[in-house]
Amino acid sequence: MFAGIDEVDWASMEHAYGPADDVPEMLRGLASADPAERETALDGMYGAVHHQGDVYACTLACIPFLFELVVDPGIQDRGSIVELLTSIGGIDLDGDDEDEFDEEEIEGAANYAMAATAVAAGAGVFCELMADEDPGVRLSAPLALATLHSHPVRVLALLQERLPVEPSDEVRLALVEAAGRVALRHRGLAGQAAAWLVRLAGEGFPPGLRLAALAQLARCAPDALPGDVVRVVTGLLRQLRSVPVRRGAAAPSVDAQTGPAEAVATVDGYADAAGSGAGEPPVEERAAPVTLVGQLRALSDEETSGRTAPWTADLLRTLHVGLDDRVAERTALLTDQLRSPDHRQRIDALRMSSGLIRAWRGSYEELVRLVGEQLATPEPRLAEAAAHVLEELFGLAAPAADALAARVAADPGAWVQEWPSGPPALGSAVKALARLGDARAVPALAAALERPEVPHDVGFAIDCLGAAAAPLAEALRRRLGEVRLDERAYDRAGPLLVGLTALRAHEAVPEVLRVLRGTPEYRGEWLRTAALRALGSFGPAAHSAVPELRTLLRRPGSTSAAEAAEALWAVGGDADAVLPVLIEGLQAERTHERRSAVNALGRLGTRAAVTAPRLRALLGHEELWLRVDAAIALWDVSGRADESVPVLLAAWEKNRHARVRVAECLAQKGVAGAGSDVARVLRDELASVRRHNAMDGGFGSHDTYEDEKLLAFCRQALLGDTGKGPTT
């Protein structure tokens, strides 16, 4: 084994962390009899040689040796090596525009292409591995074939031939998944694959196999799904909950040609064998994981240990992805899942519910109510997962308000979460209740304000509560007066200033002025801005701060000068004093300082009409957000929409994240007079089922909140224009 490995000039190559002269040691580690050494070697391969999916020259040089390993029956964990080869050779560049690659990316693309060619050339060995004695190898081989083999017709036939004789339930699910992968990669075979999957989804076959077939149909041929797919899937889930299937147990031999009566009899026999543990292979002892690969494996084992049909969650996730915008059906499925007697299946359902609501618009009242019911469970992981889901829903969590209030009242110990590093934070249930504007969160926030270190997010929770949080004003003022004005002043005072700003608590003017006068150098600009915003929110009641604000105006061109000018306008209404400062701010070097000045001018309205030419000049600025701010401010100071609307609509199309800001402007000013294009854009947005900021593979904690704001602004704008609500 490894003939010629020492003749490769590894030292001349590099991987993610430097010279690749350690790669031979990793390859030999994959062949070790010691599980810990194999795990460490695999971790190194993914961490350095195939770092985040990258392919280097040393990655290419590894491919022949990896193939040597997978065909040697004496090597353990060969399934992991098959997965590694699948990843190395499975990069798809079809969607990339080669004209946009820079020199380094061109080299990377060439490496991906060579890796795909090299692995595909050896992919024939995966056909032989379909019947390997190692279940782990058989589990990885089908997807390797579906991803890498150059003859998909042969692969699809091999998958169908293997299913009747495959003894492992998990491997059989992998065979079905591989058929879906073939159909997606080779659309000409989608009909043939779908026909097989439809047969496998038919009555009389094992529920896990049927569910797997439905999941793949949703991915590659959704039109072939049964019309009552929700009823079918929920029925299968109930069957799976009642059958004690164990991971690794031998599954019955059933394929699409087996008769229903024979299939049912076979499944009944399998249930007895699985319940008694028959057919389970011995589990290899492993040391405590010290690598990332090991930690991920341990987490997966913990998730699946003792579970009935642990692969159900993966199948359901696949089904949900395939159902895509069929929100009502996905919601019905999740509603059923949240009623499962298995708390781990409900945790899975909570995660999927979060993903559904975050990405798609729909009617979620019943689903959210069921999420709220999980808060009362004695299972802590389930209750905490439910609180996390509700925390991100803001107003959509209303059907769970009473459940949240009960949870908060019953568990004061969870009002604040402490972290090994970083400041404390409010607990998820408290945040969710506050984000509903529910006054029942006030006692928890009052207790948080009495802690030695105030949670960093308490001010934002008070902002959500609005007037309901008025009883907290005195505590906020007192704690702000106690803040030491040292290097940690911003961390301590920031949350308090946000809360006072939200409440417009003008009685705190003396405490805010103390902070403003004593702002330290470290993060001083941030703290000064927070204090100025607080004073501005107090309005004329903060008249005693006018001398201090006039002093800050003498620092033209800075963010503080623009913020001071805006605060002085809110407190004293002196446009003549603030206009010169804001005009000078339009010439600031830093974009965010220009934006501060632009937004302040917009708030002056027609009193700043003299600045219209300067704002107009910014409509062509290269920074999109500055263009948007300038367009809105120009509309404010001139009272005319004709120059601003085209800029706002262009930004709407170019950057979806600008839509909330644009829609807010249109809601305030109304669509009338802005042109029919504006109404069309707003109606198109309301007609979309997908949230405007939904991302594949990523998300933000405020995504749902921002999208719901967008919808509200769109409706408000159209309502002002037509005199009636939109039809969508």
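1. In helix α2, residues L42, M45 and Y46 meet S80, E83 and L84 of helix α4, where contact means heavy atoms within 4.5 Å, and helices (H or I, at least four residues) are DSSP runs numbered from the N terminus. The model is a predicted one, in which local features need pLDDT of at least 70 and side-chain atom pairs count only at pLDDT 80 or more, while totals for chains, interfaces and linings use all residues. Residues are numbered from 1 along each chain as its sequence is written, and side-chain values use heavy atoms, with hydrogens and water left out.

2. Helix α2 covers residues 35-49 and helix α4 residues 78-89, and the two pack at an angle of about 5° with their axes 11 Å apart; axes are lines fitted to C-alpha atoms, for helices over the stretch in contact, and angles run from 0 to 180 degrees between N-to-C directions. The angle therefore makes α2 roughly parallel to α4, a label given to angles under 35 degrees, whereas those over 145 count as roughly antiparallel. By class, the contact of α2 with α4 has 4 nonpolar, 1 polar and 1 charged residues, where Ala, Val, Leu, Ile, Met, Phe, Trp, Tyr, Cys and Pro count as nonpolar, Asp, Glu, Lys and Arg as charged, and the others, Gly among them, as polar.

3. Helix α8 (residues 152-162) packs with helix α9 (residues 169-185) at an angle of about 160°, their axes being 10 Å apart, so α8 is roughly antiparallel to α9. From α8 the contact draws on P152, V155, L156, L159 and R162, and from α9 on L175, A178, A179 and V182. These residues divide into 8 nonpolar, no polar and 1 charged.

4. For helix α31 (residues 591-604) and helix α33 (residues 624-638), the axes come within 8 Å and cross at roughly 20°, and the two helices are therefore roughly parallel to each other. Their contact includes T591, R594 and R595 of α31 and W625, L626 and D629 of α33; by class, the contact has 7 nonpolar, 3 polar and 4 charged residues.

5. How much space lies in the second largest cavity? The volume is about 50 Å³, a cavity being a set of points on a 1 Å grid over the protein atoms alone where a 1.4 Å probe fits but cannot get out, with lining residues having an atom within 4 Å of a point. Among the residues that line this cavity are L237, R241, T312 and M352, and α12 (229-242), α15 (312-323) and α17 (343-359) each supply at least two residues of the lining. The lining has 4 nonpolar, 3 polar and 2 charged residues.

Definitions and conventions
Parallel < 35°, antiparallel > 145°, perpendicular 65-115°, else oblique. 1 Å grid on protein atoms, 1.4 Å probe; cavity = no way out; pocket = protein on both sides within 12 Å on 5 of 7 lines; lining within 4 Å. Points joined across faces, edges and corners; volume = space filled by probe spheres on them.
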